[in-house]
Amino acid sequence: MQSTRSSVAHWLFSIYGLLTVLSLFSIVGYILWQAWPALLLSGMQWQRSLYSTLSELLFDAKTEPLSASISLVSVSLLYGILHSLGPGHGKVIVSTYVATHPAKVTISLWITLLSALMQAIIAISLVSTLRFVYHTSMRDISAHADTFVTWSFYAVIALGIALITRSLRTLWRMQLTNKAQDTNVPSMQACCHHHASADSVNQTTSKKEIVSIIASIGIRPCTGAIMVLLFSNMVDMYWLGIVSAIVMALGTAMTTSTLAMMTITGKKLAHYYIKHNTAKPTSVLTDLRPMVQALGGGALIILGMVMLQSQVPGMSSVF
């Protein structure tokens with residue numbers, strides 16, 4: 001009788017804890033939802049102001065190279081931080097991957113840094129090639145940048161399909177393993193020693209997914225970097241525009257890394273709750289992971305399709 005009361009009390013405590021966590025998330029989400037339009041508008045205004053400041057600093061660098069260059073680096077870093085707070089699929093991709101995979105902090109930081117730097121490198125390569133090799137106009141450079149943006153949306157869809165495919169394969173392997181255990185038949189992994197282990201296969205797949213994530217984010221050139229590069233070329237300070245573009249990428253990486261760390265922290269809290277309030281936490285986590293991956297893949301597919309439908313040609317003045 002006492003054990004029954006204890007189990008009921010434990011169950012009620014678990015339900016209470018779960019409802020409390022969900023309520024807190026709902027409250028925070030509602031506050032952010034209400035404040036998001038104002039924050040987005042403020043971010044756009046800050047970006048416009050910062051871009052005007054960048055243009056002035058590039059012009060001032062011709063007469064005062066040292067002081068203007070130091071100020072330009074600082075403003076470029078701030079611009080990258082604020083620019084990445086606006087709409088963009090990079091944050092969604094990184095958050096989805098970190099939330100649906102056992103990603104470590106180091107790997108998450110490398111993903112955000114390399115993808116941001118790739119955006120800067122693509123922008124520098126695009127402007128340098130089209131401007132100095134083919135002597136292309138700004139309008140044509142904008143059109144070529146839009147092409148890269150479209151490719152990035154298709155890459156997001158492909159990444160979502162890959163996540164769903166991997167989750168389905170994992171569920172299929174789990175089903176085969178359960179059947180083998182129920183019938184007391186050795187699994188293929190136990191009898192076929194010449195095949196690759198599941199860990200090695202998963203590790204290889206994870207590396208491919210990481211490369212895909214970096215490519216899907218980095219293939220889209222930063223429009224702010226492109227505008228700074230074009231203006232720096234007009235004032236004959238192109239090398240300083242390159243420095244500004246790279247520093248912008250570092251600012252973007254800082255914001256995206258912070259979001260990735262927040263996602264990892266939330267995932268650890270969820271694992272801690274499941275571990276201390278579930279009879280078989282390992283089994284629950286193993287069963288939930290492929291389903292969460294499939295949901296994340298579906299979200300990326302929807303995101304990519306929405307972005308393709310809502311894409312506006314030409315670089316926006318608010319980036």
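Guide: The model is a predicted one.

Visitor: What makes the buried residues of H2 line one face of the helix?

Guide: The buried residues of H2 include Ala-68, Leu-72, Val-75 and Tyr-79. Seen down the helix axis, the buried residues of H2 fall within an arc of 155 degrees, so they line one face. The face turned away from that buried side carries the exposed residues Leu-66 and Ile-70.

Visitor: Why is Arg-166 called buried?

Guide: Buried means under 20% relative accessible area. Arg-166 has 12% relative accessibility and therefore counts as buried. Glu-209, at 5%, counts as buried too.

Visitor: Why is the contact of Arg-166 and Glu-209 called a salt bridge?

Guide: The cut-off from side-chain nitrogen to carboxyl oxygen is 4 Å. For Arg-166 and Glu-209 the N to O distance is 2.9 Å, so the pair qualifies. A search of the whole structure finds 1 salt bridge. Arg-166 lies in helix H5 and Glu-209 in helix H7, 43 residues apart, and the pair links distant parts of the chain.

Visitor: Which residues have the most contacts inside the largest nonpolar core?

Guide: They are Leu-54, Val-127 and Ile-226, in a core of 34 residues. Helices H1, H2, H4, H5, H8 and H9 each supply at least two residues of this core. Apart from it lies another core, of 15 residues, including Ile-111 and Leu-300.

Terms used:
Residues are numbered from 1 along each chain as its sequence is written. This is a predicted model: local features need pLDDT of at least 70, side-chain atom pairs count only at pLDDT 80 or more; totals for chains, interfaces and linings use all residues. Side-chain values use heavy atoms; hydrogens and water are left out. A nonpolar core is a set of buried Ala, Val, Leu, Ile, Met, Phe, Trp, Tyr and Cys residues joined through side-chain atoms within 4.5 Å. Buried means under 20% relative accessible area, exposed over 50%, partly exposed in between (1.4 Å probe, protein chains only). Helices (H or I, at least four residues) and strands (E, at least two) are DSSP runs, numbered from the N terminus. The arc is that of the directions from the helix axis to the C-beta atoms.
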